[in-house]
Each structure stands twice: as C-alpha cells, then as structure tokens.
Amino acid sequence: MDEQSRRVLMVEADVDRQHYLGRFLRDWGWEPVVSTSVDEAMAAIASTQYLFSLLDLDLNGTDGTEFLRRLRVHGGSPGPIVVLGTGPGTKRTREATALGADDFVHRPFCPDDLENAIKQALSRPRRVWSRASCDGPTARVEQEIGLWQSPRMQEVRRMIQPASQVDVTVLVTGETGTGKDVVARALHYLSARHARPFVKVNCAAVPRDLLESELFGHERGAFTGAHQLKVGKFEAADAGTIFLDEIGDLDPDLQAKLLHVLEDGEFSRVGGLSTIRMDARVLAATKRDIEQAVADGRFREDLYYRLNVIRMELPPLRERPEEIPIFAEYFTQRYARLDQKEPAPVPAAMIQRLLPYRFPGNVRELENIMKRMIVLGDPLLQRMDASAAEPPRGEPAREPVPALSLKDIGRTAARVAEESAIRRALAETRWNRVKAAKLLNISYRALLYKIKDASIGADTRPLGRA
C-alpha cells in the first residue's frame with residue numbers, strides 16, 4: 001500500500017485528541033492528515049484523495065455537520081466518513097446520518113470501537129460525493145452568500161449557519177431586492193430539511209379571496225368553482241420549509257389563522273372538517289416596517305412575536321457599495337455563460353457609473369442591468385463607454401479605460417468603502433482627526449496619509465472649523 005493510498009483526513013480541532021487519535025491511526029498503518037476546521041478540510045479534499053475521513057462533530061466554534069453539508073454542494077474525495085459524536089440518537093447524530101455519514105463512534109470509546117467503525121465504513125461501497133447539485137438552487141445560494149463582503153451582510157451570513165440548525169421561525173426584513181429570498185433558501189438548504197420541499201408563497205401577489213385556499217387548500221365544493229380537492233402550500237411543504245414572503249401584507253383574518261397554525265401546528269382546509277397536522281418550518285419576510293404596522297394595528301402583535309424569534313435585517317445595496325462591483329462581475333459571468341457567450345470583465349466605465357447609483361431595486365435591479373447588458377446588448381453600457389471615452393471640449397483625449405479584472409474590482413470596492421468610512425468618521429468627530437483615527441482603529445499618521453491620498457479636502461469639514 002503506497003503512501004497516497006494510506007492517507008486519511010482527520011478533522012479535529014482539539015490538540016490532545018489529535019495526538020491521541022493520530023497515534024492509533026499511525027499504529028494501524030494509516031497516514032493521518034490533520035485539519036482543524038471545516039474550511040481547512042474542504043481545502044484539503046480539493047487537492048488530495050483520502051482513504052477515509054474521521055470527523056469530530058464538536059469542532060471549536062463550528063458544528064462538524066457543516067463539513068457534510070458543504071460536501072453535498074461542492075463535492076470532493078474524503079472517502080467514507082466516520083463521525084465522532086456525543087451519543088446515539090442525538091439531533092446532531094441524526095442530522096449527520098441524513099447528510100451521509102458512514103459510521104459513528106460514540107463517546108466514550110476505546111481504540112477497538114474506533115478501529116471497528118473504520119473497518120465497517122471501508123467495507124461498504126465507496127461513496128461518490130457528487131457536484132451535480134452545483135447546477136441547482138443550492139449552489140446559486142452558496143455562491144451569492146459568498147459575495148457578501150460588507151460588515152452587516154457578513155453578520156447576516158454568520159447568523160444563517162446556526163439559525164439553519166434549529167426549527168424556529170425566522171423573520172427577514174429589508175427593502176425589495178436586498179436578498180431576503182436568498183436568506184430563506186440558505187436557511188432551508190443548509191438545514192436537515194434540505195432534501196424536502198422548499199415552498200414559497202408571496203402573500204402580496206395572491207388576492208385575499210384566494211390566499212386562504214392557496215395556503216391551506218380546500219375541499220371539493222367548498223365554494224363556487226372548487227370542483228376538486230386542492231392541497232395547500234402548508235401541506236405541500238410537509239417536512240420541509242414554507243417561506244411566507246411579504247407577510248406584512250397579510251389580511252387580518254388570515255393573520256389570525258396563521259397564528260393558530262404556528263401555535264398548534266395544525267389547520268383545516270377551506271370547507272373541511274378534519275384537522276391536518278403541520279410539519280413545516282416557517283420562514284417569513286417583509287419589506288414593510290413591521291413594528292410600525294403593529295403600532296398602527298395593521299399587524300397582530302401576538303403573530304409578530306411568533307414570527308420574530310430570530311430576526312435578520314438586510315441593508316439596502318446603497319449602504320454596502322463595496323458589493324456592487326462584486327455582484328456586477330458575478331451576474332455578468334453568470335448570464336454570459338447562460339447565453340453561451342464568452343464572459344468578459346465588467347468595464348471600468350460601468351463600475352464607476354454603478355457605484356454612486358442608489359439602486360432603489362437593490363441587488364435585483366443590478367442583476368437586471370447586467371442581464372440586459374449581456375442578453376440584449378443594452379445601449380446603456382455603450383453610452384457609459386462613450387461618455388468615458390469622449391473628453392470634454394478643450395481637453396485632450398484620454399486613454400480608454402481598461403476592463404477591470406476581479407482583483408481590480410475588489411481593490412476599487414475596498415477603496416470606495418475605505419473612503420466612505422473615513423468621511424463618516426471625520427463627520428462624526430467634526431473633523432477631529434485624532435478622534436477619527438481612534439474611531440477607525442488606525443494611527444494618526446496613517447489617517448493623514450489616507451485623507452491626502454483620497455483627496456478629502458476642507459470642503460467636507462463642518463462650518464465654523466478652521
């Protein structure tokens with residue numbers, strides 16, 4: 001057996017357990033390669049094949065089941081996976097089984113337990129961790145979440161992982177097009193319910209007279225035109241997730257029925273007498289000021305508290321300008337491939353026009369702009385390039401602005417975000433640069449250099465200061 005065929009991956013954060021487990025693995029003739037986190041493990045399997053993997057569920061700061069979830073999306077060659085868990089029948093053990101773990105060793109265990117579990121896992125047919133799902137909605141969600149680089153969106157990103165593991169309601173708020181649908185889908189596809197249905201209902205798009213039937217279904221003959229039994233969205237989402245978009249527009253009568261469903265976990269079809277049990281996780285979203293709606297009596301306070309167990313608020317795109325070039329590049333590449341065209345970098349002229357734009361439609365509007373540019377050859381880009389290439393009268397012609405690479409886009413976004421942060425700090429401290437430097441956590445000299453480099457002049461100072 002050569003060295004490569006004896007190589008095994010050990011995903012273990014605790015140093016003492018690394019030494020303890022590593023000693024036995026080496027004694028049994030294997031060559032352990034240690035990863036201390038899920039990110040390290042994913043990087044390891046991207047470049048190397050392993051005979052099997054040993055995964056500890058209790059990684060520091062991370063649930064080890066994230067490794068299994070990411071394998072389902074990204075693929076890799078970790079070999080059969082033996083999981084070290086806290087005990088049989090626990091929620092995480094059941095989840096790891098559903099995600100594809102091959103065998104378990106429950107603490108406390110002896111070396112023979114570990115060796116037998118490994119041999120059992122190796123005796124089974126080798127699992128193929130497919131990347132097929134990368135063409136589906138899961139992959140797109142993973143990709144779009146990976147584009148979130150602003151501090152507030154990274155905070156949302158950090159909340160998604162733990163929130164996906166608990167069956168509680170989540171309320172996502174933010175303007176239209178900020179990514180509420182992406183958050184809801186991420187909460188579903190990263191959960192143990194990922195293989196079950198994800199059902200979305202736009203409460204604002206369905207007329208009130210039809211929405212109750214849409215949500216809960218109806219019996220044959222329940223009303224004029226009900227010629228056959230209809231299964232509602234809650235039934236369709238059985239064991240999966242139902243996403244109630246624009247919940248702030250829900251009719252008061254339906255608010256009462258939804259509250260009953262959330263409290264008792266059961267409902268009846270329109271015109272029906274029997275009770276149906278609900279086993280679907282409920283996620284909700286709204287672009288409205290839901291607290292103001294409660295204060296005005298337009299939204300039930302008790303329903304609000306039922307929905308608002310975990311709250312995720314998405315800022316508008318104009319408040320995270322560092323993501324504009326990143327999303328522009330992503331959508332350009334995506335729609336160029338879909339249209340079977342050669343992807344090209346986003347021209348610098350377009351980035352410069354996009355950055356100051358306020359995007360009332362947020363990320364969705366930016367996506368449509370880039371889609372039109374790729375699919376239809378929108379003249380918007382041509383006008384931008386022409387205006388950038390044509391100098392004002394009396395000025396010499398300038399060199400055409402080159403296209404930006406992804407690295408250049410990142411630098412541009414970082415420069416814009418840094419300048420914006422400096423301007424805000426100076427405004428908050430009324431141009432006291434010592435206080436501004438402390439606020440920004442940089443040295444006074446570094447701040448002076450950055451002010452000069454960004455050409456932030458005296459015109460930005462408050463009135464009355466020298």
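Leaving aside neighbours within four places in sequence, which residues is tryptophan 148 in contact with? Hold that thought while I do the housekeeping.

This is a predicted model, so local features need pLDDT of at least 70, side-chain atom pairs count only at pLDDT 80 or more, and totals for chains, interfaces and linings use all residues. Numbering runs from 1 along each chain as its sequence is written, and side-chain values use heavy atoms, with hydrogens and water left out.

OK, back to tryptophan 148. Its contacts (heavy atoms within 4.5 Å) are Met153, Gln154, Val156, Arg157, Ile160, Val182, Val183, Arg320, Glu323 and Phe327.

Now the cores. A nonpolar core here is a set of buried Ala, Val, Leu, Ile, Met, Phe, Trp, Tyr and Cys residues joined through side-chain atoms within 4.5 Å; buried means under 20% relative accessible area, with a 1.4 Å probe and protein chains only. The largest one has 44 residues, and Trp148, Ile160, Val183, Leu366 and Met370 touch the most other members. Elements giving it two or more residues include helix H7 (151-164), strand E8 (170-173) and helix H16 (362-376). Helices are DSSP runs of H or I, at least four residues, and strands are runs of E, at least two, numbered from the N terminus. H14 supplies the largest share, 8 residues. There's also a second, separate core of 31 residues, with Val199, Val201, Leu211 and Ile276 among them.

Asparagine 362 isn't a glycine, yet has a positive phi of about 60°. Asparagine 362 sits in helix H16 and is buried, at 0% relative accessible area. Alanine 239, also not glycine, has phi near 70°, and lies in the loop between helix H10 (233-236) and strand E10 (241-245).

Conventions:
Buried means under 20% relative accessible area, exposed over 50%, partly exposed in between (1.4 Å probe, protein chains only).
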